[in-house]
Amino acid sequence: MHRVEALLVAGLPRLSAEGRKALASLTWDVPPPAGRLAQSVGLKNRFALMRLLREEGLPSYRELAGWIQVLIWQLEWEDHNTALARQAFEAGRYPGSFYRTVRRVTGVSWEEVRARGSNWVLLEFLARCDSHTGRNAVDRAG
């Protein structure tokens with residue numbers, strides 16, 4: 001199991017098998033398009049994926065993928081001291097898109113995320129998931 005996947009599954013034990021599979025798919029490489037992710041989880045289309053995420057108490061696909069990417073980037077920084085711009089270049093992407101993703105999902109700059117650490121990123125993400133927990137997720141849990 002991928003390290004980020006293990007952290008997310010441990011932090012979200014209430015997830016169904018489909019929810020865990022969707023999270024796992026987002027922890028490897030570049031997040032797939034929503035339609036492709038839906039198919040890999042066994043769902044008909046991206047709309048079914050959106051329903052699943054909502055029922056699981058997870059944020060939208062775009063936000064979910066963003067949080068997972070930020071956690072991956074932060075762990076890469078902590079483990080190997082790899083600058084975010086270098087991570088972007090190695091992924092064949094423009095660094096500005098990485099910095100904007102960090103700001104969009106966390107509300108703070110990359111410099112602030114680096115200072116706060118991966119534990120902060122994980123806890124903020126889990127709090128965001130808790131704020132999305134709806135009646136369906138609660139009903140399934142108990």
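Q: How do α3 and α4 sit to each other, roughly perpendicular or roughly parallel?
A: This is a predicted model. In it, α3 and α4 are roughly perpendicular to each other. Their axes cross at roughly 75 degrees, and angles of 65 to 115 count as roughly perpendicular.

Q: Where are those two helices in the chain, and within what distance do the axes come?
A: Helix α3 covers residues 34-41 and helix α4 covers residues 46-55. The axes come within 8 Å.

Q: Which residues meet there?
A: From α3, Ala34, Gly35, Leu37, Ala38 and Val41. From α4, they meet Arg46, Leu49, Met50 and Leu52.

Q: What does that contact look like by class?
A: The contact of α3 with α4 has seven nonpolar residues, one polar and one charged.

Q: OK, what about α2 and α3? At what angle do they cross?
A: Roughly 130 degrees, with the axes coming within 9 Å. Helix α2 is residues 17-26. That angle makes α2 oblique to α3.

Q: Is the crossing right-handed or left-handed?
A: Right-handed, as α2 passes α3.

Q: And which residues of α2 and α3 meet?
A: In α2, Glu18, Lys21, Ala22, Ser25 and Leu26. In α3, the partners are Leu37, Ser40 and Val41. By class, this contact divides into four nonpolar, two polar and two charged residues.

Q: Switching to pockets. What volume does the largest one have?
A: About 300 Å³.

Q: How many residues line the largest pocket, and which lie nearest its centre?
A: The lining has 14 residues. Nearest the centre are Gln69, Ile72, Trp73, Gln87 and Ala91.

Q: Which helices supply that lining?
A: α5 (61-80) and α6 (84-90) each give at least two residues. The largest share, four residues, comes from α5.

Q: How does the lining of the largest pocket divide by class?
A: Six nonpolar, four polar and four charged.

Q: What about the second largest pocket? What is its volume?
A: The second largest pocket has a volume of about 170 Å³.

Q: Which residues line that one?
A: Val30, Pro31, Arg62, Ala65, Gly66, Gln69, Trp73, Arg93, Thr101 and Arg104. α5 and α7 (95-106) are the elements that give two or more residues to this lining.

Q: Which helix gives the largest share of the second pocket's lining?
A: That is α5, with five residues.

Conventions:
Residues numbered from 1 in each chain as written. Predicted model: local features only at pLDDT ≥ 70, side-chain atom pairs only at ≥ 80, totals over all residues. Heavy atoms only, no water. Axes fitted to C-alpha atoms, helices over the stretch in contact; angles between N-to-C directions. Parallel < 35°, antiparallel > 145°, perpendicular 65-115°, else oblique. Contact = heavy atoms within 4.5 Å. Nonpolar A, V, L, I, M, F, W, Y, C, P; charged D, E, K, R; others polar. 1 Å grid on protein atoms, 1.4 Å probe; cavity = no way out; pocket = protein on both sides within 12 Å on 5 of 7 lines; lining within 4 Å. Points joined across faces, edges and corners; volume = space filled by probe spheres on them. Left-handed = near helix turned anticlockwise from the far one by under 90°.
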